[in-house]
Structure formats: structure tokens, C-alpha cells
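Dear colleague,

Here is the structure that I promised to pass on to you. Please open it beside this message, and then read the notes below with the chain in view.

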Amino acid sequence: MADRPLSQQHAPSDPYRWTIGLLLGIGVLVNYFDRVNLSVSHDALVGSFGITPQVFGQLSAAYSWTYAACQLPTGVILDAFGVRKVTITSVFIWGIASIAAAFAPGVVLFFLARLLLGIGEAPTFPANAKAVGAWFPSHERSLATAMFDSSAKLANAIGVPLLGLLLLRVGWRWSFGFTAMLSFAYMGLFALLYREPDRFSMRNVIRSAGPEADADAAQIIAPPIPLAKLLRQKKIIGVAIGSGAYNYVFYLLLTWLPTYLSQTLHITLRQSFLYTGAPWLVAALCGLLIGGVLVDTLIKRGFDASNVRRAVLICGTVCGLGIVGAAFAHSVASALIPITIAIGGLSAASPVIWSLPSLLVPNTSTGKVGGIINFANQISAIVAPILTGYTVQKTGSYVWAFAIPTVYILLGILSYIVLVGRIQAIDVREALVDV
């Protein structure tokens, strides 16, 4: 056993898979510390570079331009080279980007550092979705996905106050330096622990779980589906639209929530950092407990897997409509309650979204599907901070900033009902036929 490669020592029935799940969660936590650092540094960057709300919106979106541009090629690269090689390279790039931001002498070089960060972090979620599909049987994928997806919200819950207090004490440059050090530490940990599981031993172990797991085994050895053909699948299009709606709200809050609380409710920046953590903490718990534990528990108890996932997906997205309540808030409580309902519900749906690549297509194609979904996400991530900055600067309020996402959320709900339909694997033979 000791003489065999680690990739052949472990398979999905091995408890080591939960080490992999925890490792992916740590990576997203560090990843989002890098992202949230910008929103925390708003006032400090205004003081250093003299930027306007519109320029800050463009800075917030810079990361997403390259992140979005890399999604489709990243999916192809992941399916070709595997999770380990791609992730180690990407973490190195995003660590360099954080260092570059810390030393940027002006807004132009800072903008370029954010562009580089987008390139480095682009593979994260498609790679994690592919890793979960490789290491976990389908009845455990919601919890495994929730472990890394909820880390994104947890990073905001603890990252905003932590990085905010660090910034107030030592300055924004040191806060970016701190996230760079965390990134390189994670790169070493990932290189030490992550290996690609052997697909043939995976197939045999999954089959040993019983006849109901045959579909999982078939997914492992099925031929890959070309990107162009995946883009024609209505289920994948529907997931991409719904996920994009979720990500619009997510990035609106990620980039503007501390500033919104400070400016609109006239509280101190320190108070806004602390208040910002509350909705994200609830979001992390909703993602882990509802989108993860509850979904897998109901499926293991015999409930129809598609119905369970669809219920959480649609009901969670419906909760996202609560974001409009923040447009008319006049107190901290009246702002945080609708925001918490919205991001909590959307976060419960998010693990289901990110489990879909491994449920809809073979593992040989999950990287590409993850890239398609995340491409749609990053279009939202580009538009949300820019459009928010534009509307705030033009109107002097946040009313339109919170009213606009409700239309997108309604479109997302409709796409889940009409386009996605029943959650089941796409017929590979049918998908491979030219249309």
C-alpha cells in the first residue's frame, strides 16, 4: 500500500475523501479573502488614489473580466490536465496578484493586479466541482459541495471584520500582503494533500455500493462531450441563467455591502465591518445545513433526488427576491433582515447549483460545464458592481441598486422551472450527435 501512488490508495469509499472536501473548503476561504479585501479597502483606496464610486465599481469588476474570460478555456484545460496541476498553478498566480496589489503605487497598476487575480482564481469553482464529482458518490455530493461553497460566505462573515480591523490597524497594503501569505500557504497544503483518484478503482468502489450507484460508475468512464455541444443543452443553459442571477446578488453584496451600510445608515466604517458579517454567517450556515446536510439526508432516506434538489434550488432562489427590501431600509435591522433572507436562501440553493456539473454530465466533462456556469456567474459579477456604482453616483441612493436584481432573480426562477426541469444526467449519446 505504501509503495503505491496516493491516487491509487484512495477511492470514494475511503474516508480520505472528506479530507479532500475540507481541503477544497479551505481553498475557497482563502480565495474569498482575496476577493473581499477590495470592498473592505474602499475608503482607504479612496484616500490613497482619490477614486469615485464609479471608478470603485470598475475596480470591483476588473477581477471578473479576466475571471469570466478564462472560464470556458479553463474548463477545457481542467478536463485535459486534471484538478491538481491546474489548481496549484492557479493558486500561485493569485498569490502573486495579491502581492502586486499590496505594492501598487497607483490605481492603474492596482487595476492590473485585480485582472491578474481573476486569471489566477478562475479555475477554483469548476475545479472543485470536478473534484467532488471524482471523489464523492452522488448521494454525498450536496454536502461535499456545500463544504467549499459555504466557505465563500464564511470568508465574508469572518473576512470582512478580520481584514477590516487589520486594515484599520496596519493599513490596506498589509491586508493584501496578509492574503498573499495565506495563498502561498494554501498552495503548499494543496500540493501535499491532493491527488487525482484512479478512475477505474473509483468505478469499482462506487459499484460496490449497490445497483443504485451504477449511474455514478457510468459517469466516470463515459466519453467527454465537446464544449460546443454542451452549450446547446437546455438544462445547462437553464442552470447558467439561474446561477448568474444568484451571483448578481452575491457580488452586489460582496463589493458594496460595507459601503452601503456606512453611507446609507450613517454608521461608522468599523460598525459596518462588524454588521456585514451577520448576513454572511447566516448564508454560510444555510448553505451547509440546507443545501448540504438536508439535501443529502433526504436523498439517503429515499426521497426523490431530483425533487429534493429542485425544491431547494427554486425555493432558495425565491428567497433572493427579498433583496428588494434593502432598497427602502431606514435602519440597520430593516436593512439586514431582507439582505439576510435573500443571501441565506440563495446560499442554500448554491451547493445544489455546484453539484449539478457532476450530476448532469460525465466526470470527463464536468470541468467544461463548471466553466459554462461560472462564465454566466462572472458576467453578473462584472455588471453588478459597475451598475451599482453607476446608479449610486447618478441617483445618490441605493434604491435602483437593490431593485434591479429582483428582475434577474425572477428570470432565474423561471429558467429552473422551464429549462432545467428534472435533474438527471444528460444522455451522452444524444448529446454527441450533431444537431
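How many helices and how many strands does the chain have? The chain has 19 helices and 0 strands, where helices (H or I, at least four residues) and strands (E, at least two) are DSSP runs, numbered from the N terminus. Please keep in mind that this is a predicted model, in which local features need pLDDT of at least 70 and side-chain atom pairs count only at pLDDT 80 or more, while totals for chains, interfaces and linings use all residues. Residues are numbered from 1 along each chain as its sequence is written, and side-chain values use heavy atoms, with hydrogens and water left out.

Of the 435 residues in the chain, 58% are buried, and here buried means under 20% relative accessible area, exposed over 50%, and partly exposed in between (1.4 Å probe, protein chains only). Among contacts (heavy atoms within 4.5 Å) with a separation of 6 or more, 84% come from residues 24 or more positions apart.

At least three residues of the core come from each of domain 1 (15–195) and domain 2 (221–434), with bounds taken from an automatic or database domain assignment. Leaving aside residues up to four places away in sequence, Phe 250 touches Tyr 32, Ala 152, Lys 153, Asn 156, Trp 280 and Ile 343.

Is Lys 130, which has a relative accessible area of 7%, buried or exposed? Lys 130 counts as buried because its relative accessible area is 7%. This lysine, Lys 130, sits in helix H7 (residues 124–135), and its contacts, not counting residues up to four places away in sequence, include Leu 78, Asp 79, Asn 363 and Gly 367.

Leu 289, by contrast, lies in helix H14, and Leu 289 counts as partly exposed because its relative accessibility is 48%.
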